[in-house]
There are 2 protein chains.
Amino acid sequence: MQIAILLYDRFTALDAIGPFDTLGRLPGAETVFVAQTPGPVRNDAGNLGMIAERSLDEVPNPDILIVPGSPVAHAQFEHKEVLDWLRAADATSTWTTSVCTGSLLLGAAGLLRGRRATSHWLALDALTGFGAHPTGERVVTDGKYVTAAGVSSGIDMGLTLLGRIAGDRAAQTVQLLTEYDPQPPYDAGSPDKAPADLVAELRAQSAEIMK
Amino acid sequence: MQIAILLYDRFTALDAIGPFDTLGRLPGAETVFVAQTPGPVRNDAGNLGMIAERSLDEVPNPDILIVPGSPVAHAQFEHKEVLDWLRAADATSTWTTSVCTGSLLLGAAGLLRGRRATSHWLALDALTGFGAHPTGERVVTDGKYVTAAGVSSGIDMGLTLLGRIAGDRAAQTVQLLTEYDPQPPYDAGSPDKAPADLVAELRAQSAEIMK
């Protein structure tokens, strides 16, 4: 079982590491970070380099494909090699997954047409442009396509899929070892729960946030 | 404001990235990954390299110090240069923090004597060996020392400290932008909640897990 996590310029680190340290603990699986060019890939804020061990060509047939998001995920729409790889990898994958605006990349590759999917709350509407049906759920499974909402939701997605593949006990083991018993200090993690004026403010700034 | 995140051989990625993508979004702060030797540092499973941009010597006085954990955190007890740096950095820090077994490194550096602190649930007892008073809380603040429980708790720690430093609105903004509205698929994230036989099994294997 091979899990491939796509890295690209200005990806969001937690989008990748959430599923990595949950689903990536799948017993017997090999997880590999891939990118157009192997080597260090910078995150969204430019203050972290994570290493892609392999090029896209070197990992043509992962069993599980994980696409993290980025405030500038749309910049990857111009990278034909990335979209071609997504389509080719998806053709043989068992599961094709995304976190946050990673779903826009799956959409741009034509993989979400007619499917229920999710994304970062500020990017949900953009999914319709790819023929997908956005939902407000945190983790959406439609066939082999599993999309997660913004950034931190990749942890919930990773545990959900781990349970689906390896059983409840395996997923509970990883949940307990990662001590995932969340106690956020505020109840502001979704647009339904956060202060309305904060939601409005961020919506107004979304062109700036997702530049 | 400078935030330093310590990397060392076999650190746990989510321990570092949880606070990085929350507290690290502190407006105006610079976050830098540091290690004994700059360059790629491998994670616990050996399947990820994250880059430490600077050596310990190059970052002597961070305002906020973040120490992630590792199943082999104790291996760092032999690294005098690391413990010396922790002591020196702590002497001028505003906040000294840890995630998971990172608190054992703070303890080994002599920084938690007489203080309330926490760690990964499998490592809590080890804190007493450093004169600390372990608690079962997820995030423990004692003066300027903020310690978090296992792995994923660094997200809660990061948001808590962000709120303390920059105010509730700043922390809620980051929580909403990271869409941290957790919906774990199981309620198994702490030894109080997970199936008792699973807790017992992992306790029995703890010497193997924390080797």
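This is a predicted model: local features need pLDDT of at least 70, side-chain atom pairs count only at pLDDT 80 or more; totals for chains, interfaces and linings use all residues.
Reader: What makes the relation between chain A and chain B that of a two-fold axis?

Author: Chain B can be laid on chain A by a turn of 180° with a shift of 0.0 Å along the axis, and the RMSD is then 0.0 Å. That is the relation of a two-fold axis. In chain B, the C-alpha nearest the axis belongs to Met50(B), at 2.3 Å from it.

Reader: How do you know that the copies meet through the same surface?

Author: Of the interface residues of chain B, 100% are also interface residues in chain A, so the copies meet through the same surface. Residues count as in contact if their C-beta atoms lie within 7 Å. By that rule, 51 residues of chain B are in contact with 51 residues of chain A.

Reader: Which elements of chain B each supply at least two residues of the side that touches chain A?

Author: Among them are helix H1 (13-20), strand E2 (30-35), strand E4 (49-52) and helix H4 (153-166) of chain B. Helix H5 (168-177) and helix H6 (196-204) of chain B also belong to this group. H5(B) gives the most, with seven residues. By class, this side of chain B has 27 nonpolar, 17 polar and seven charged residues.

Reader: Why is His133(B) called partly exposed?

Author: A residue is buried with 20 or more other C-beta atoms within 10 Å of its own, and exposed with 12 or fewer. His133(B) has 15 such neighbours, so it falls in between and counts as partly exposed.

Reader: Where does His133(B) lie, and what does it touch?

Author: His133(B) lies in strand E9 (residues 133-134) of chain B. Leaving aside residues up to four places away in sequence, it touches Arg115(B) and Arg116(B). His133(B) and Gly114(B) are 19 residues apart in sequence, while their C-alpha atoms are 6.6 Å apart in space.

Reader: What makes E5 and E10 of chain A edge strands?

Author: Seven strands of chain A form an open sheet with mixed pairing, in the order E5-E2-E1-E6-E7-E11-E10. Strand E5 (54-55) and strand E10 (139-142) each pair on one side only, and they are the edge strands.

Reader: How do you know that E2 and E5 of chain A pair?

Author: Two strands pair if there are at least two bridges between them. Strand E2 (residues 30-35) and E5(A) have two bridges, so they meet that cut-off, and the sense is parallel. The bridge partner of Ala35(A) in E5(A) is Ser55(A).

Reader: Which strands does helix H1 of chain A lie across?

Author: Helix H1 (residues 13-20) lies across strand E1 (2-6), E2, strand E6 (64-67) and strand E7 (95-99) of chain A. The helix runs at about 135° to E7(A).

How values were computed:
Residues are numbered from 1 along each chain as its sequence is written. Chains are lettered from A and ligands numbered from 1 in the order in which they are written. Copies are superposed by least squares on the C-alpha atoms of residues with pLDDT of at least 70 in both. Two residues are in contact if their C-beta atoms, placed from the backbone, lie within 7 Å. Helices (H or I, at least four residues) and strands (E, at least two) are DSSP runs, numbered from the N terminus. Ala, Val, Leu, Ile, Met, Phe, Trp, Tyr, Cys and Pro count as nonpolar, Asp, Glu, Lys and Arg as charged, and the others, Gly among them, as polar. Axes are lines fitted to C-alpha atoms, for helices over the stretch in contact, and angles run from 0 to 180 degrees between N-to-C directions.
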